[in-house]
Amino acid sequence: MIAIAGLASAMEPMAKLVPGHGQIVFVTKQMGVPVEGAFKKFDAQIAFDPQKPEGGTVAMQIDMGSATLGVPQSDAELPKAPWFDTARFPKANFHSSRIKTLGGGRFEIAGRLTIKGTTQELVVPVTITQSAGQSVATGSFAIQRLAFKIGEGEWTDTSMVGDDVQVRFKLVLTGLRPL
């Protein structure tokens with residue numbers, strides 16, 4: 001019975017997102033001009049010890065219907081089938097497969113990112129800083145939107161909307177053990 005209780009507590013997430021304090025931003029180019037958007041709703045399950053990250057896991061879910069470019073006409077297009085197709089694919093998911101420490105609060109988190117039913121392997125560099133009982137995890141990575149079928153049909157023309165998308169994030173957490 002004690003072993004089962006210990007196993008259950010080891011599987012519980014050690015850190016929780018602080019609601020309303022994080023951000024996930026994406027930047028692409030439209031006709032050569034950078035355009036920034038954001039996802040307003042996302043969640044994460046984070047279970048890892050920064051001192052022993054190898055056994056840890058990170059899982060994120062992003063509500064694709066929460067994407068905004070800050071322009072009502074563009075925001076109305078994002079949920080449609082050529083773009084995020086939120087009726088069929090309401091969430092994007094990231095699941096870690098390996099966490100590696102680089103020292104000094106820096107980590108590499110390898111995993112699988114799934115958007116619109118397409119999965120790609122990804123390595124995400126993450127930096128964690130801590131103060132006042134909170135941890136802030138920041139990082140960025142690049143994806144190609146066409147690899148995930150984002151912008152189908154007439155929107156596959158990369159002279160209109162670029163293929164490269166830079167994703168930046170800042171996650172504010174409580175409950176993460178000290179670095």
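Visitor: Which residues form one aromatic cluster?
Guide: F26, F39 and F84 do, in this predicted model. Four aromatic pairs turn up in a search of the whole structure.

Visitor: Why is the pair of F26 and F39 called tilted?
Guide: Take the distance, then the angle. The ring centres are 5.0 Å apart, and the cut-off for a pair is 6.5 Å. The planes meet at 45°. Stacked needs under 30 degrees, and edge-to-face needs over 60.

Visitor: What describes the pair of W83 and W155?
Guide: Its centres lie 5.4 Å apart and its planes stand at 50°, so this pair is tilted too. W83 is in the loop between helix 2 and strand 7. W155 is in the loop between strand 10 and strand 11.

Visitor: Which class of accessibility does each tryptophan get, and why?
Guide: W83 is at 12% and counts as buried. W155 is at 26%, so it is partly exposed: the value lies between the 20% and 50% limits.

Visitor: Why is Q61 called buried?
Guide: Its relative accessibility is 18%. The limit is under 20%, so Q61 counts as buried. Q61 belongs to strand 5 (residues 52-63). Beyond four places in sequence it touches F42, D43, A44, Q45, K91, A92 and N93.

Visitor: What makes the link between Q61 and Q45 a polar contact?
Guide: Their side chains are joined at 2.8 Å. The cut-off is 3.5 Å for N or O atoms, so the distance passes.

Visitor: Where is T86, and why is it called buried?
Guide: T86 is in the loop between helix 2 (72-77) and strand 7. Its relative accessible area is 19%, so it is buried. Setting aside residues up to four places away, T86 touches M64, G65 and P79.

Visitor: How do you know that strand 7 and strand 8 pair?
Guide: Nine bridges join them, and they run antiparallel. A pair needs at least two bridges. N93 stands opposite T114 in strand 8. The hairpin has two residues between the strands, and G104 takes a positive phi near 65°.

Visitor: What joins strand 8 to strand 9?
Guide: 10 bridges, again with antiparallel strands. I115 faces T118 of strand 9. In this hairpin, K116 takes a positive phi near 50°.

Visitor: Which residues of the largest nonpolar core touch the most other members?
Guide: F39, L113, I115, F141, I143 and L173, out of 39 residues. Strand 11 supplies the largest share of this core, five residues. L113 is in contact with F94, L122, F141, I143 and F148, among others.

Visitor: Where should the coordinates not be read in detail, and why?
Guide: Over residues 1-11 pLDDT stays under 50, and the model has zero contacts there beyond four places in sequence. Where pLDDT is low, predicted coordinates should not be read in detail. The chain average is 92, and 93% of the residues score at least 70.

Methods. Residues numbered from 1 in each chain as written. Predicted model: local features only at pLDDT ≥ 70, side-chain atom pairs only at ≥ 80, totals over all residues. Heavy atoms only, no water. Helix = DSSP H or I, 4+ residues; strand = E, 2+ residues; numbered from the N terminus. Buried < 20%, exposed > 50% of the residue type's maximum accessible area, 1.4 Å probe, protein only. Contact = heavy atoms within 4.5 Å. Polar contact = N/O pair within 3.5 Å; in protein donor to acceptor, adjacent residues only side chain to side chain. pLDDT = per-residue confidence, 0-100. Core = buried A, V, L, I, M, F, W, Y, C linked by side-chain atoms within 4.5 Å. Phe/Tyr/Trp six-rings, centres within 6.5 Å; stacked < 30°, edge-to-face > 60°.
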